[in-house]
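Reader: I would like to go through this model with you. Could we begin with the charged pairs?
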Amino acid sequence: MNAHDRLKQISARFGQDVFRADIPGNDRLYLTVSPAQIRLICHYVFAELDARYVVSIGTDDRPYSGHFLVFHNFAFDADGLLLSLISELPADAPRLASISDLIPAANWGEREIMDMLGIEITGHPYPKRLVLPDGWPEGLHPLRKDMDWNHVPEDFDPDRSFAFDAPPEGCTVVPFGPFHPTLDEPAHFRLYVEGEMVRGCEYRGFMVHRGIEKLAESVMGYNDIPMLAERVCGICGCVHSVAYVQAVEAAAHIVVPPRAEFMRTLMLEMERLHSHLLWVGLACHIAGFDTLFMQAFRIREPVMWISEKITGNRKTYGLCQVGGVRWDITPALKDELRAVLAKLEEEWLDVAEAVFKDKNVQKRTSDVGVASAAFCKRMGLLGPVARAAGVDIDTRRDFPYAAYGRLDFAVITHHTADVWGRVVVRIKEVFESISLMRQCLDLMEPGPLQTVIDEALPVGRLGFASVEAPRGESHHFVITGENNRPRRWRIRAPTYQNLQGVPGMIKDQTLADMTISLGGIDPCFSCTDRMEVIDIRSGTARTWTQEELLAAVRQTQQPATLTTTKDAP
Amino acid sequence: MHLPAETFVVWAILVALAGAVLCALTAKFRQLSNILALASVAFAALFVLLASGMVFVSGPAVAPHTVFSPGGDWPDLRFHIDGLAALFLGLVVFITLAASVFSCGYMAQPSEYGLLRYTPNLLLFFAGMLGLLATTDLFFYFFFFWQLMTLPSYQLIRYEHRIAAYRHAANKYLLMMQLAVVAIMLGSALLAAPHPSLAYDLDAMTYSLPELLVSAPARATLAFSLVLLGFGIKMGLWPFGQIWLPDAHPAAPSPISALLSGVMLKTGVYGVLRLFLCFAPPGIGFPVAAWGACIMVCGLLTLTTGTLQALQQDQSKRLLAFSSIGQIGYIALGLGAAMVLSDVAPALALCALLGALLHVIHHALFKSLLFLNAGSILTATGSQDMNKLGGLFALMPITGICALIASLAIAGVPLFNGFTSKWLLYTATLLAGRAAWFLPLCGAIALMVSVFTLALFIKYFGTLYLSRRSAWVDACAQNGKRMEGNYWLLTPQIALAALCVFLGLFPWVGITLLARALATSPNGIVGALGQMLTYHPEFLPLQGWGMGLNNGTAHWLPILLGVILAALFFLGLLLSRLGGASARTDAPWLCGYAQETEQNRYNARQFYSDIKRALAWLGGAPAATAAAASDRHPLHHHNRQENLRTRKEALYAMTAAHDAAPETVQTARNPTRATP
């Protein structure tokens with residue numbers, strides 16, 4: 001069913017409530033709908049048309065159209081169609097009915113809209129602060145255009161602490177994170193524990209929210225942003241930069257040369273390889289199987305080396321630009337890569353056999369962190385988590401981008417819906433990645449790496465792009481704008497959705513299963529720890545307090561001048 | 001003038017009764033009444049200890065002493081103090097003395113409950129126990145003394161009678177005790193001797209027993225079953241103990257709990273000893289081994305169920321009550337083992353009997369200490385809910401050290417007295433495989449269950465004293481003020497704790513005392529084993545200052561181990577000093593973000609949840625209402641008016657909570673919970 005058919009279907013039901021329809025291509029459908037009917041329409045799309053919820057995005061469009069805009073994005077994976085339901089909200093009192101009670105997956109998306117844009121989401125089941133720091137004043141919304149990117153609120157209160165909910169009767173609270181030996185991301189779970197059983201939790205995250213979106217739409221240029229996007233994540237940086245440039249290219253209808261597409265595909269798969277190798281190692285480590293952890297890291301290392309040879313970096317490749325890529329691969333490197341892949345495939349087979357034959361890992365992870373297919377749909381879970389529950393989605397196949405349309409690969413699914421299923425999926429996906437990279441190397445033709453873009457990009461266009469990150473679909477949204485930069489850029493990493501599923505996965509299982517369950521979704525690395533300084537002469541140890549650390553950081557960071565924005569090529 | 005020992009016991013009882021009258025008259029003056037009760041107990045204790053000492057030194061009287069003879073066919077009241085009776089009497093007066101000293105501090109607070117129902121009842125209860133242990137009668141006077149023990153203790157259990165749960169507990173106790181006395185009297189009637197005025201006298205019945213065993217073995221079996229049932233209910237054997245004991249102990253004021261668990265249960269043990277080990281002379285065809293096996297199995301079931309059920313408890317005194325059931329099981333196990341082995345392996349039988357008797361003494365010491373300890377906490381915090389309490393060690397360190405000693409002792413940790421008696425029990429059972437194959441099995445099970453005892457007291461001591469200070473305790477402490485009890489509360493605890501350590505370090509003291517008690521008890525198996533000691537003194541499991549079987553299979557030298565451990569401790573300390581090791585005290589690491597709250601405390605409810613889940617079928621799950629109902633903030637504890645006001649406020653809060661319930665549910669909803 002293509003975009004036109006879907007449009008007919010929806011307007012047959014909500015004819016007078018669909019104000020405008022845009023069909024920029026066969027895979028995109030933008031419907032401007034009546035905000036009053038948003039709940040009915042979303043419910044129809046989600047429940048009856050069985051679309052997958054992607055994300056909700058808010059934007060301050062007041063300087064241009066005089067409205068706030070809210071986008072509820074849905075994906076029809078089987079049709080390769082992305083649907084965006086756009087609500088135009090009045091500038092003076094932006095208000096929209098919540099859909100989180102119908103679609104639990106929209107919980108964070110809507111709370112983020114409330115935090116960042118001050119759009120009132122009425123009837124939200126849990127309208128608690130999500131993104132903004134604890135001390136941030138009420139009523140100040142960073143993504144509104146009338147707030148400067150470098151504004152420091154005077155009434156910021158660093159001492160204010162977060163008001164946690166009361167735990168249920170009979171439960172003790174066990175804090176989990178932000179600094180934790182096995183959770184490799186600064187997020188805080190407040191686990192409600194009854195004896196050894198986890199009965200629920202409250203989540204507080206977004207502790208390293210860096211204001212990347214605001215920064216990009218305020219001071220950076222189109223081609224600076226890919227470098228920033230790469231730094232969104234320590235593992236899947238290339239995914240974010242590809243997703244961003246693809247969103248811009250989609251908005252501006254820029255065609256990318258084939259060799260550039262192959263280079264993107266190659267490096268995306270490279271990233272998946274090292275991410276999955278790392279994850280399997282960490283999962284084994286969490287399960288106490290440290291031999292495999294060491295082996296996985298040993299096997300992974302040549303992948304990092306060859307990445308460095310191709311791009312100059314083990315990570316953070318600096319690959320993408322709007323309209324192409326910056327690096328090429330030489331024939332010599334091609335051969336070297338083939339050799340690395342051949343060795344990797346063999347060694348990975350050994351590891352996979354060790355994992356599958358040794359029942360320890362299987363027993364440790366079976367029936368742990370269960371997320372059924374229905375649960376995945378409800379919470380919008382993605383990637384290996386969904387595929388392990390038999391949900392057959394993969395952006396590379398469903399919404400082909402870069403060179404994936406020309407390549408042959410299988411989407412790995414499993415039926416157990418637990419952490420074991422995620423282990424199986426990821427282990428097998430490594431082989432698919434190796435095969436994909438070999439196909440890329442075979443099919444690559446010589447040619448240009450970059451489209452010549454000789455005029456300014458059109459203004460006010462919407463661009464959506466999804467890229468299959470190692471953890472699932474990474475979704476980027478761009479509205480092109482003036483001054484060689486987008487008006488709005490929204491990143492939705494797969495962990496954004498998957499993390500929302502964690503409380504459901506860990507409920508009613510033991511505390512000991514918490515780490516591997518959380519590890520099962522492969523949350524991103526962003527590990528910080530306290531700093532301890534030892535004076536060698538006196539031998540005394542001293543722990544730095546938060547205030548001291550902040551003061552030290554602020555000293556070195558004094559004049560934050562970000563004035564250079566490169567022009568588009 | 002040479003007075004028999006029995007006369008002193010009569011005087012002790014009379015002193016106690018007179019004291020009861022005095023206390024009743026002075027009940028309005030709380031502290032006076034308390035001191036009078038203490039003086040009466042001390043005075044009576046003097047007589048009893050004199051009597052016990054006389055028996056130990058010069059042996060028991062040849063025949064029972066007639067205290068009172070009404071003439072005609074009416075039975076005579078006769079007392080007979082042999083070594084065993086002297087031992088138990090000594091134990092009763094010692095623990096009662098400790099409890100009365102504690103009472104002077106515990107009951108001194110003005111309260112809505114007057115002392116008229118406390119001090120007189122305490123003394124009557126005391127007199128009843130003395131009489132019960134001294135009398136040789138098993139029918140009329142037994143009934144009299146039994147009720148003299150039961151009815152006052154019933155009053156004491158329902159002392160705080162405004163709490164419905166306590167009334168129910170007391171009623172249950174009363175009912176079970178009446179059942180027990182009926183069973184014992186029926187058994188006694190079946191065993192009656194053909195002697196008009198001494199039909200139910202134990203001495204007289206002993207002489208008619210051989211004939212009864214031959215002429216009507218079924219009747220004898222029924223009689224002994226009934227007696228075992230009765231005393232089993234009293235001492236809290238499975239399944240009867242679980243019915244009354246865990247409710248009654250927490251309900252009573254703490255010194256009374258200490259008496260109930262420390263000595264009153266032991267009257268049941270004493271009954272079993274009298275009827276099964278001191279009654280039938282050896283060689284008359286009394287099936288000792290069969291009854292022994294029966295008592296052993298009862299003991300094994302009791303110690304397993306009691307201890308495992310105790311793991312489920314969150315109320316301090318209820319936990320201790322279940323643990324009492326468990327420890328009584330050990331005693332029963334030892335008695336049974338002694339009976340099984342008495343013919344085939346007398347040395348091991350002696351070992352088992354000594355173990356059981358020593359455990360009677362030791363349990364009386366550490367369990368009454370624990371109950372007094374829980375009482376101290378109750379005084380300081382007004383709660384026995386272990387979920388609410390925590391971090392008491394810093395606020396009441398002496399009480400905490402006493403609790404630690406008692407916990408280590410009851411868990412059977414070496415160098416403390418509990419280890420000594422358990423060591424004897426395990427040695428006797430584990431080495432007796434050649435004599436009876438099931439003994440090592442029972443011993444092994446008992447040994448494994450004692451691991452749970454340790455777990456239990458890790459929970460007890462850990463949650464009450466060591467965990468983070470709870471909000472409830474903080475409120476009680478009023479800015480970290482010490483909450484240590486006064487000298488009335490502390491003295492008995494320190495004395496009991498010191499004895500626990502002393503008897504643990506010098507086990508020969510207890511064993512020598514017991515050997516003397518056996519040697520001065522002429523009747524039955526106990527008598528036979530006592531006799532044996534005179535011919536084979538090497539059978540006594542003593543080695544120097546330690547213990548050991550003289551065939552060389554088992555040794556226990558506490559002083560040696562103590563010296564080694566102390567040396568190692570100081571060596572470690574020295575090394576740490578030399579190396580300049582530093583220690584740092586810090587708040588718990590809550591992963592760097594959340595503030596510490598009351599909810600972060602790991603409270604008693606969270607302990608051993610998997611064991612509790614697996615053993616839920618055993619029953620004994622906590623009845624939270626009983627103790628929660630009694631929880632009062634100590635600051636609100638003073639007068640009745642205040643109490644009424646807080647109760648009213650609680651009532652209003654309760655109804656208000658009902659009105660607001662839907663809203664609270666909604667706000668408490670977990671944001672990221674998956675299911676809508």
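Reader: How many salt bridges does the structure hold over all chains?
Author: The structure holds 56 salt bridges over all chains, a salt bridge being a side-chain nitrogen of Lys or Arg within 4 Å of a carboxyl oxygen of Asp or Glu. This is a predicted model, in which local features need pLDDT of at least 70 and side-chain atom pairs count only at pLDDT 80 or more, while totals for chains, interfaces and linings use all residues. Residues are numbered from 1 along each chain as its sequence is written, chains are lettered from A in the order in which they are written, and side-chain values use heavy atoms, leaving out hydrogens and water.
Reader: Which residue forms a salt bridge with A:Glu202?
Author: The partner is A:Lys128, with the closest N and O atoms 2.7 Å apart. A:Glu202 lies in strand β10 (residues 197-204) of chain A and A:Lys128 in the loop between β7 and β8, so the pair ties together parts 74 residues apart in sequence. Strands (E, at least two residues) and helices (H or I, at least four) are DSSP runs, numbered from the N terminus.
Reader: Are A:Glu202 and A:Lys128 buried or exposed?
Author: Both are buried; the term means under 20% relative accessible area, with exposed over 50% and partly exposed in between (1.4 Å probe, protein chains only).
Reader: And what does B:Asp82 meet in chain B?
Author: B:Asp82 and B:Arg274 meet in a salt bridge of 2.6 Å, N to O. B:Asp82 sits in the loop between β2 and α3 of chain B and B:Arg274 in helix α10 (residues 254-277), 192 residues apart. B:Asp82 and B:Arg274 are both buried.
Reader: Turning to the interface, how many salt bridges are there between chain B and chain A?
Author: The count there is zero. The rule does find 10 residue pairs in polar contact across that interface, both residues at pLDDT 80 or more. A polar contact is a pair of N or O atoms within 3.5 Å; within protein, one must be able to donate a hydrogen and the other to accept it, and residues adjacent in sequence count only if both atoms are side-chain atoms.
Reader: How many residues does each chain bring to the contact?
Author: Chain B contributes 28 residues and chain A 46, contact meaning heavy atoms within 4.5 Å.
Reader: Where does B:Gln309 lie?
Author: B:Gln309 lies in helix α11 (residues 288-310) of chain B. B:Gln309 is buried, with a relative accessible area of 5%.
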